[in-house]
Amino acid sequence: MVCTTIKPGVECPFMTAKGCTYNGGKCHEIVEQCNGCNRTSELESGWYCMACPEPAAKWKNGNCNLATHVETTVAATKQKINPLKASKRGSH
């Protein structure tokens, strides 16, 4: 349904005919780490994330997985090779 509380006109999965069903009944403002993200939007009551109702929870355990301004790097793990097995593989 379309939000009628904090983000009027925005589709929200937590909005029902009885109002917002999210924890606390409203979306929470962005946190400092969200600055620079393309998913944030300024509304009359402040800055809010358009993808997540509680941005602080997304940053609690590291980087937000929805952040557009954070680059994730995959660490290449060097696999340990058994020299005996490697020599057997090469002889075939």
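Residues are numbered from 1 along each chain as its sequence is written, and side-chain values use heavy atoms, with hydrogens and water left out. As the model is predicted, local features need pLDDT of at least 70 and side-chain atom pairs count only at pLDDT 80 or more, while totals for chains, interfaces and linings use all residues.

The chain holds four strands and two helices, in the order β-β-β-β-α-α from the N terminus; these are DSSP runs, with at least four residues for helices (H or I) and at least two for strands (E). The radius of gyration is 22 Å, well over the 12 Å that the globule rule gives for 92 residues, so the chain is more spread out than a compact globule. That radius is taken over C-alpha atoms, and the rule is 2.2 Å times the number of residues to the power 0.38. Along the principal axes, the C-alpha atoms fill a box of roughly 70 × 30 × 20 Å.

Of the 92 residues, 24% count as buried (under 20% relative accessible area; exposed is over 50% and partly exposed lies in between, with a 1.4 Å probe and protein chains only).

The whole structure contains one aromatic pair. Phe14 and Tyr22 form this pair, edge-to-face, at 4.9 Å centre to centre and 65° between the planes. Rings of Phe, Tyr and Trp (its six-membered ring) pair if their centres lie within 6.5 Å; planes under 30 degrees apart are stacked, over 60 edge-to-face and the rest tilted. Phe14 is partly exposed because its relative accessibility is 28%, whereas Tyr22, at 16%, counts as buried.
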